[in-house]
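Please open the model in your viewer and keep the sequence alongside it. The tour below moves from one selection to the next and says what to look for at each stop.

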Amino acid sequence: MKNIITFGTFDAFHVGHINILERAASYGNKLIVGVSSDELSFNKKKRYPIYCQNDRLKIINSLRFVDEVFVEESLELKLDYIKQYNATVLVMGDDWLGHFDWVKKACDVLYLPRTPSISTTEIIEVVRSMPK
Ligand code: C2G
């Protein structure tokens, strides 16, 4: 049994999120996803997500290649989550390259290439710039 763990805000859910979750799942038998709490998201991005944490959890939990979800309360708790969920691989997009190497004592860490040309921030900007 190989448990894969990954983390993210997954706000305004888009194909880049699907791609990383689908690829993460392909590395093991079980995919566990830590979805950032609204407070953690605010601390990271200095704005609250468009979708509240319960809705973001519900969306991620409904995907066929996701087995379990939980609320990620802090970036510093990564090692505790990895141990709690018996994860053998941590998968993150390469915008986080090197950032979580400190958990390598507990599991493998894989940084996968991000899907180009799409992000929640870009979606917000496009919608904002649309004529009323
Ligand atoms: N992602 C991607 N391609 C995109 C956009 C996002 O592969 N075009 C990936 C990110 O690299 C990340 C995941 O999708 O691995 C979730 O992205 P975000 O929702 O932006 O998550 P973030 O706020 O960076 O949270 O503990 C770490 C985090 O909580 C990461």
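Which residues of helix α1 (residues 15-25) are buried? Bear in mind that this is a predicted model, and begin by selecting that helix, where G16, H17, I20, L21, A24 and A25 are the buried residues. If you turn the view to look down the axis of α1, the buried residues fall within an arc of 165°, so they line one face of the helix. An α-helix has 3.6 residues a turn, so residues three or four places apart point the same way. Next, display what covers these buried residues of α1, which includes the strands β1 (3-8), β2 (30-36), β4 (87-93) and β5 (108-112), together with the helices α3 (53-61) and α5 (120-128).

From that list, select β1. Six of the six residues of β1 are buried, so the strand is largely enclosed by the rest of the structure. Both of its faces are covered, with N3, I5 and F7 buried on one side and I4, T6 and G8 buried on the other. In a regular strand the side chains alternate between the two faces of the sheet.

With β2, β1 pairs in the parallel sense over six bridges, and I5 can be found opposite I32 of β2.

The next selection is the largest nonpolar core, which has 18 residues, and in which I5, F7, F70, L90 and V103 touch the most other members. The elements giving two or more residues to this core are β1, α4 (78-84), β4 and β5. Centre the view on F7, which, leaving aside neighbours within four places in sequence, is in contact with G34, F70, E72, K78, Y81, L90, V91 and M92.

Finish at one of the contacts of F7, namely E72, which lies in strand β3 (residues 68-72). Is E72 buried or exposed? Its relative accessibility is 1%, and because the cut-off for buried is under 20%, E72 counts as buried. Not counting residues up to four places away in sequence, E72 touches F7, G8, G34, V35, S36, S37, L40, K44, K78 and Y81.

Methods: Residues are numbered from 1 along each chain as its sequence is written. This is a predicted model: local features need pLDDT of at least 70, side-chain atom pairs count only at pLDDT 80 or more; totals for chains, interfaces and linings use all residues. Side-chain values use heavy atoms; hydrogens and water are left out. Buried means under 20% relative accessible area, exposed over 50%, partly exposed in between (1.4 Å probe, protein chains only). Helices (H or I, at least four residues) and strands (E, at least two) are DSSP runs, numbered from the N terminus. The arc is that of the directions from the helix axis to the C-beta atoms. Contact means heavy atoms within 4.5 Å. Two strands pair if DSSP finds at least two bridges between them. A nonpolar core is a set of buried Ala, Val, Leu, Ile, Met, Phe, Trp, Tyr and Cys residues joined through side-chain atoms within 4.5 Å.
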